[in-house]
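Open the model in your viewer and keep the selection panel at hand. The tour below has two stops.

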Amino acid sequence: MAALLSLLPQRRCLCTKSHKKWSVKQVTKTNFEESLSEIKTHIAHSDFIAVSLQRTGSVSAPWHRFLPFDTSHTAYAKAKRAAERFQLLQFAVCPFSIRDSKLLAHPYNFHLFPRDELKIGMPSYSFSCQTSYLTSMAREGFDFNACIYDGISYLSRAQESAAILQMRNPIPITHVVKSSSTPSVADSVFIERIKSRVKYWRNACKDSSGNRDEPLLSSLRKLVLGTEEYGSRPCMNIDVCSERQVQLVLEMLEEFSDDLVPLIIPAKGGATQAVRVILTSSKEDKVLLQNELQNLQEEQTKKVRGFREVIDLISASHRPVVSHNSLNDFTFIHSKFLTPLPPNVDEFMCSLHLVFPHILDVQQLMKEIGPLRKVTNIPTAISYLKDHFFAPIDMETLHQDTANDGKIHGHNVLRIAHLFAKLCSILQIAPTESGNKSLVPALEEYANILNPCSMSPQESTDGDISIWTNNTRKVSCEHLVFLWGFKRTMTAGILKSLLQGSHDVFSEEFDVRLVDKSCAIVVFWKPGLSKTFLNVMNSKEICGSLRELVSEGLRAACYATYKRVCSLGIWEADLAESLEKALEEPDCLRKTDSGTNPLEVYWFSDLVINLDEL
Amino acid sequence: MNAHHRATRRALSRALSRALARPFSTSSPKPSGAAFPLKHVTKSNFEPALAELRQHLRAADFVAIDLEMSGVTSAPWRESLEFDRSDVRYLKVKDSAEKFAVLQFGVCPFRWDPSTHSFVAHPHNFYVFPRQELPVDGPSYEFLCQTTSIDFLARYQFDFNACIYEGISYLSRQQEHEALRRLNGAYEDTLSDTRCNLKEVRDVRLDRMADILFTERIKNRFSEWRDGLLRDRIGGFQLQWNSNDSKQQFQTIFFKMRPAISLTGFTSHQFKLIQWVINKHFEDLTYVHVTGENFCSQQLVVYTESKDDIDLLMKEVKDEHRRGAEMKIQSAIGFRQVIDLLSSEQKLIVGHNCFLDIAHVYSKFLGPLPLTGEEFVSSINKYFPHIVDTKLLLNANYVLQQRMNKSSTSLSSAFARLCSQIAFGSESKGLAFLQPVQVEVQVDDIRTSNWNSGAKHEAGYDAFMTGCIFAQACSHLGIDFKLHLPSENLAHNEKLYKQINHLYLSWTNGDIIDLSTGKIEEPLGTKYPKKQYSKILFENIILIWGFPSKLKAQEIRQCISKVFSPTSVTSVYHLDESAVFVQFSKAGFVSDFLVLKETLERSDGPISVLHPLAKLLEGRGGWY
């Protein structure tokens with residue numbers, strides 16, 4: 001155990017006073033039921049919910065990462081690709097509250113596997129794995145067998161509705177809304193016919209319940225009446241041809257509501273095939289049956305939803321959700337548990353907002369503390385804060401550390417909660433107001449900023465960014481040009497010196513950085529030169545050493561081409577290859593592309609590029 | 001390190017408990033055979049297992065193989081469909097082999113032992129995992145998992161931990177070639193600019209007091225040492241460091257026959273400073289960075305006698321770097337050594353419905369799959385000249401079909417049917433009108449004639465079953481192993497000749513591909529049970545997509561029949577919710593349909609909206 005602890009330096013730094021070990025409750029299929037009711041109460045009593053996800057992969061090539069020159073559109077396209085491609089194996093949820101300097105946390109780590117429990121080809125036909133991800137999970141001692149054998153399955157909201165149609169289970173009707181339209185002649189004829197049939201059947205059933213027929217007679221009777229059995233109770237099916245008839249039948253059955261219970265039998269493709277009527281022996285029996293049906297349905301939905309129950313609980317609680325890599329996390333959550341991801345970021349944000357009204361990314365808070373701006377690793381951030389600020393946070397988890405089996409998964413979620421509490425304390429934000437469960441105004445300005453490349457709100461207003469980011473300069477996307485088609489061993493320095501003498505445009509100030517081995521980005525600090533350069537690249541008048549470079553294969557494209565690469569989803573391993581392909585795409589696509597929303601202008605002018613990060 | 005050990009232990013204990021649990025969980029009739037586990041091979045025992053396998057392969061008469069994959073089809077429509085032409089079928093197999101990973105590879109050499117009149121089988125179960133061992137700047141290694149396949153493996157207690165923690169990685173021939181090429185390129189680059197490499201650290205800025213003091217101390221240390229060396233040459237001066245601490249940080253050793261100091265316990269910044277000091281102040285000292293045999297890196301300062309000596313030293317260091325890198329590449333080849341063995345021994349390879357398996361072998365261990373089936377076939381034939389498929393063997397031969405008594409030719413049912421004496425450990429079962437072939441199993445030093453590990457769907461056991469079926473099938477075909485000489489290659493046996501190198505391109509429609517000629521044949525005669533529908537004429541087929549998803553096949557048929565004639569549509573086949581194949585009775589209808597579609601789409605007037613095809617033509621169409 002001692003050796004194990006040394007594996008976890010972050011654990012030690014979390015423990016401020018006592019030597020208590022933080023334990024995260026591990027949840028699999030076997031203990032999901034009990035954990036669900038437990039977490040429900042914890043969520044109800046907490047102020048925030050931290051989440052942390054373990055995926056099977058993230059980026060397939062270096063340029064697929066979020067890069068400093070990504071706009072919210074391109075960043076979303078990248079996150080969308082990963083979310084649709086990879087799978088979640090663990091989902092850690094930690095409802096927590098902060099009281100003064102005390103952090104009360106209830107961490108859970110759910111093991112997931114997209115098993116097709118209902119044999120309907122859902123939730124996931126196939127998914128991708130990155131071997132480096134699996135290997136590093138193995139290094140942390142992840143138990144793949146436990147995950148695959150006992151992981152909890154789930155269906156997204158969209159999949160649930162599809163599954164219900166597909167399973168065609170009878171749906172109980174508890175409440176009939178009277179239709180406003182007056183019945184036509186045909187309707188009346190239909191109603192009368194069904195009514196007499198139901199009456200006759202009902203009476204016949206009631207009569208026969210007293211005397212015992214011999215088997216032959218009773219089966220004959222069944223044949224004539226069209227009666228069947230639902231459990232121990234008699235029932236009959238009324239075939240319908242339209243939804244109008246369903247309505248009519250249900251309205252008619254209201255008359256017999258003392259002892260008849262209707263069920264709707266769905267047809268393939270969502271319509272109704274028949275209405276099933278069940279005869280109960282008394283009012284009490286009717287209540288009994290209705291409860292039975294209700295339980296049955298709940299059981300069914302539980303089975304269908306699986307882990308998504310937890311997502312629904314979080315959503316219904318309206319608690320702010322704290323995450324560390326929110327764009328990645330919430331694209332995954334949206335695509336696995338809500339509906340397939342919409343094509344663009346604005347629709348995504350709208351759709352997400354309806355389900356999770358407050359999302360807080362700790363990285364947005366970290367941007368307030370200069371040196372943490374570039375830190376993406378949580379333990380590093382915590383230890384930095386520990387060294388530079390006095391903000392002791394006392395952590396208390398309410399789970400007993402029962403298992404000494406070295407399970408260390410899902411601790412990240414505790415670190416996120418811890419980091420959040422520390423940041424609030426340092427930034428002097430009181431995370432909650434007494435008696436008020438909604439988000440405090442001080443936090444509101446950080447909420448729902450998912451783009452990892454966007455600036456914090458203050459920064460964009462006062463424009464004073466030179467204090468700690470002396471290498472950051474605002475640049476419009478228009479001034480960026482992508483270059484490729486040079487030797488793979490080229491460095492940015494050599495490329496810059498090659499360009500310097502090649503043409504007049506390079507006599508003004510410009511910078512070159514490599515995006516990956518195949519492609520570089522050039523920033524023209526003087527407006528208009530990028531356009532001139534692109535024109536020169538395409539003209540016949542090209543001359544001198546630039547001509548030489550172009551004949552050796554050098555190519556250039558504007559930022560819009562990069563945008564198209566992302567929106568068309570051309571995810572080649574080399575950015576150069578993708579840009580090349582985007583240029584080959586027919587022009588008709590370009591037309592629709594240029595007609596995108598006016599936001600683009602805003603993003604264009606507001607883009608910040610930190611060349612040092614490349 | 002700790003986590004790693006724990007994982008190994010866990011994986012091992014799981015394997016052990018599984019091996020113990022298996023015999024009790026197998027369904028009746030209870031195997032009476034000995035139940036010792038399969039030979040599992042992982043990273044940790046790969047080298048000795050390979051050496052052993054090499055011996056067995058050399059002596060073998062044939063080798064059975066079987067693969068467990070992370071999935072088969074990446075989307076429902078990529079499953080093998082009846083409507084697929086053979087070239088499309090190959091492309092689907094190609095897609096599958098490229099996307100999914102091999103998780104287990106079973107190899108089971110069979111050798112005829114004349115002294116006991118039985119075969120000796122050596123089942124090996126290799127755990128394979130495509131771990132990225134070499135740092136490459138290409139895309140990261142990625143593979144697809146089909147959820148149902150993974151779940152299926154889980155139901156048979158597949159040990160995913162053993163696979164991911166301990167699986168053997170590999171490089172294909174093409175990857176190895178690529179890595180060596182890159183290494184050579186890098187080597188030549190560095191050779192040409194050795195000198196500028198040395199000067200790279202010239203621009204160290206000494207603006208911190210600590211740095212200045214540190215460099216000063218280093219400078220003194222090294223001049224002391226160098227002077228000591230020079231004195232040493234004259235007198236017998238033994239170098240003394242002042243403190244114990246220094247002794248640990250600066251250790252005098254010999255490097256390539258030259259006196260050197262090995263540096264330990266510094267930060268990377270300090271190493272940079274030391275390098276700078278050496279380059280700036282000492283003409284006869286050289287700073288080198290070497291990677292030791294166990295891949296730990298070492299920082300050295302070496303004494304050199306002249307400028308030429310420096311060049312010589314640098315060359316030696318570079319060569320060593322290169323050797324080290326080559327060794328790394330060599331060791332990254334990993335599991336492919338088994339495939340190379342299979343290829344070089346040219347033994348008869350036996351698989352069960354193994355076209356996809358062979359495609360996986362090609363794409364994982366040779367190189368990217370060729371674009372066409374013909375190219376694939378000709379190049380696979382070079383590496384594996386003799387392949388036989390037991391599923392095809394069972395279906396192609398009348399005697400065997402009778403013996404199978406129309407039961408399914410799936411691996412396990414064929415095994416139960418043909419090799420009941422092995423499957424159930426009893427000889428009384430079935431109508432044994434021919435002598436059952438005896439198979440003894442040897443795992444490490446344990447040998448038994450009555451083995452049943454019961455580990456169904458472990459690649460090693462499946463390979464064993466495949467081999468047993470093959471041996472029994474040969475016997476039924478009249479091959480007498482007692483008369484069979486060890487020098488004779490089974491692949492050339494005239495009784496088998498017709499079936500060698502014939503594989504099912506797809507089981508769905510029974511198309512057979514001949515690996516030696518590249519020809520694709522129709523299933524043989526009427527024996528093929530599934531070939532009941534009318535012949536598919538690909539030129540009569542159109543593909544329609546983009547229609548409303550609730551449109552049913554029947555409605556589509558009606559739509560089209562209204563326009564052309566009631567008999568115009570032969571069949572409508574749903575690929576998935578989004579697309580259908582429509583087969584017309586005449587090829588002429590295809591072009592008519594496409595022309596009509598285009599005119600309707602061009603005019604937006606009321607005619608196009610009211611046209612019967614309007615319902616369908618919210619979407620698009622294309623020919624096959």
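Start with the lining of the largest cavity: its residues divide into 15 nonpolar, one polar and no charged. Here Ala, Val, Leu, Ile, Met, Phe, Trp, Tyr, Cys and Pro count as nonpolar, Asp, Glu, Lys and Arg as charged, and the others, Gly among them, as polar. A cavity is a set of points on a 1 Å grid over the protein atoms alone where a 1.4 Å probe fits but cannot get out, and lining residues have an atom within 4 Å of a point.

This is a predicted model, in which local features need pLDDT of at least 70 and side-chain atom pairs pLDDT 80 or more, while totals for chains, interfaces and linings use all residues. Residues are numbered from 1 along each chain as its sequence is written, chains are lettered from A and ligands numbered from 1 in written order, and side-chain values use heavy atoms, without hydrogens and water.

The largest cavity holds about 160 Å³ of space. Select A:Cys129, A:Leu134, A:Ile148, B:Cys145 and B:Ile164, the closest to its centre of the 16 lining residues.

Next, select helix H2 (residues 46-59) and helix H12 (residues 336-345) of chain B, which pack at about 10 degrees with axes 11 Å apart. H2(B) is therefore roughly parallel to H12(B) (angles under 35 degrees count as such). For the contact (heavy atoms within 4.5 Å), show residues including B:Leu50 and B:Leu53 in H2(B), and B:Val338 and B:Leu341 in H12(B). The residues of this contact divide into seven nonpolar, one polar and four charged.

Terms used: On a 1 Å grid over the protein atoms alone, a cavity is a set of points where a 1.4 Å probe fits but cannot get out, and a pocket is an open set with protein on both sides within 12 Å along at least five of seven lines; lining residues have an atom within 4 Å of a point. Grid points are joined across faces, edges and corners, and a volume is the space filled by probe spheres set on the points. Axes are lines fitted to C-alpha atoms, for helices over the stretch in contact, and angles run from 0 to 180 degrees between N-to-C directions. Helices (H or I, at least four residues) and strands (E, at least two) are DSSP runs, numbered from the N terminus. Angles under 35 degrees count as roughly parallel, over 145 as roughly antiparallel, 65 to 115 as roughly perpendicular and the rest as oblique.
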